[in-house]
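Student: Hi! I have a structure open here and I'd like to talk it through with you. Could we take a look together?

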Amino acid sequence: MTAPLGLCVVVLTHNEEQHIERALKSVAGIASEVFVIDSGSTDRTTEIARQHGATVLFHPFVNQARQFQWALDHAPITADWIMRLDADEVIEADLSAEIARKLPHLPKEVVGINLKRKHIFMGRWVRHGGRYPLVLLRIWRRGLGRVEDRWMDEHVIVRGGRTETFDGSFADDNLNDLSFFTQKHNKYATREAIEVLNQRHNLFPHDDGMSKDSASTQASAKRWIKERVYNRIPFTVSAPAYFIWRYVFQLGFLDGRSGLVYHALQGFWYRFLVGAKVMELERATAHLNDKNSMIAELSRLTGHTLARPPAEGASR
């Protein structure tokens, strides 16, 4: 790939042949280097990635946070800036042009760039229900950013300066069907239940380095509300209330029938499922008196090795 910018794009993959070419083409004009961190794809993902100029590295998957941090710690990144991009995401033309225009001229005190994400569901942009824009820190100076060591809802956080927000958008546009969507969110719900239980019982180190200065103000505020308010309300109340807030007061009903499906699944069913899994796991471990026993039992029940120590090493 040829590009005038010192920008490295890092993409995590596992069986993403349906998306990876589209993602790489969307950054072809701005990426000076691309690393695809694959966790054992059995389809053509890695072949397609190499065809489009990416360097493919393999690493066994534990969770998103540790996989991406491994990339920062071990990929031979030389660019001054790093971008996090999911395989099913696309950098749109307006954002690509803005990155090319602004990134080389940012002052040294700017260490991170927040980008605005739009969600495409069933081929339609979900514009309402508080889903646009989702402002996420996705570009940062090499050596000044790391990924939070969390099982779910991990963010990149930066240090040593301030952040800016670009106006252009990128799209989360997964082309898989509803079965894939529900299966993925079922796995997400298990990981988020682990985070909730850790917050309640302090089972292992809880990475909570996010602030309005180290990430986007929106992401920091949402994290605070979820962990300090939402998670303390019974899920039988909080999940339906959250759906009503999104669908009625944040005008989610304007997103049409596909929007109703999305808001009902992601804004109610998923939140309710997280709460139900927390309840199930708490009941299963209520008889245990020490943290090590609880961690061992939760590892058995969830299939995740929770006793593994946090990722080590300085980030790139």
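Predicted model: local features only at pLDDT ≥ 70, side-chain atom pairs only at ≥ 80, totals over all residues.

Student: Okay. Is E282 buried, partly exposed or exposed?

Tutor: E282 has a relative accessible area of 25%, so it counts as partly exposed. The range for that class runs between 20% and 50%.

Student: What about helix 7 and helix 8, at what angle do their axes cross?

Tutor: The axes of helix 7 and helix 8 cross at roughly 165 degrees and come within 9 Å. Helix 7 is therefore roughly antiparallel to helix 8, as the angle is over the cut-off of 145 degrees. The crossing of helix 7 and helix 8 is right-handed.

Student: Which residue sits in the loop between helix 7 and helix 8?

Tutor: L254 is one to look at in that loop. Its relative accessible area is 42%, so L254 is partly exposed.

Student: How far apart are L254 and G129 in sequence, and how far in space?

Tutor: L254 and G129 are 125 residues apart in sequence, while in space their C-alpha atoms are 8.6 Å apart.

Student: Nice. Can you give me another pair, this time with V237?

Tutor: V237 and I77 are 160 residues apart in sequence, and the C-alpha to C-alpha distance is 47 Å. V237 is found in helix 7, which spans residues 235-249. With 47% relative accessibility, V237 counts as partly exposed.

Student: New topic: holes! How many cavities of 30 Å³ or more does a search of the whole structure find?

Tutor: The search finds one. The largest cavity holds about 60 Å³ of space.

Student: Which residues line the largest cavity?

Tutor: The lining is made of R150, M152, D153, E192, E195, V196, Q199, K226, E227 and N231. Helix 5 and helix 6 (217-228) are the elements that give two or more residues to this lining. Helix 5 has the largest share, with four residues.

Student: How does the lining of the largest cavity divide into nonpolar, polar and charged residues?

Tutor: There are two nonpolar, two polar and six charged residues in that lining.

Student: What volume does the second largest pocket have?

Tutor: The second largest pocket has a volume of about 240 Å³. It is lined by 16 residues, and the closest to its centre are F121, M122, N174, L175 and N176.

Student: Which element supplies the largest share of the lining of the second largest pocket?

Tutor: Helix 5 again, with four residues. Strand 6 (110-121) and helix 5 each supply at least two. By class, the lining of this pocket has seven nonpolar, four polar and five charged residues.

Student: You mentioned M122. Where is it, and what is its phi?

Tutor: M122 is in the loop between strand 6 and strand 7. Its phi is positive, about 55 degrees, although M122 is not a glycine.

Student: What is the phi of N15?

Tutor: N15 is not a glycine either, and its phi is positive at about 55 degrees. N15 lies in the loop between strand 1 (7-13) and helix 1 (20-26). At 32% relative accessibility, N15 counts as partly exposed.

Student: Last one: is the peptide bond from Y132 to P133 cis or trans?

Tutor: That bond is cis, with omega near -5 degrees. P133 lies in the loop between strand 7 (124-126) and strand 8 (134-141).

Conventions. Residues numbered from 1 in each chain as written. Heavy atoms only, no water. 1 Å grid on protein atoms, 1.4 Å probe; cavity = no way out; pocket = protein on both sides within 12 Å on 5 of 7 lines; lining within 4 Å. Points joined across faces, edges and corners; volume = space filled by probe spheres on them. Nonpolar A, V, L, I, M, F, W, Y, C, P; charged D, E, K, R; others polar. Buried < 20%, exposed > 50% of the residue type's maximum accessible area, 1.4 Å probe, protein only. Axes fitted to C-alpha atoms, helices over the stretch in contact; angles between N-to-C directions. Parallel < 35°, antiparallel > 145°, perpendicular 65-115°, else oblique. Left-handed = near helix turned anticlockwise from the far one by under 90°.
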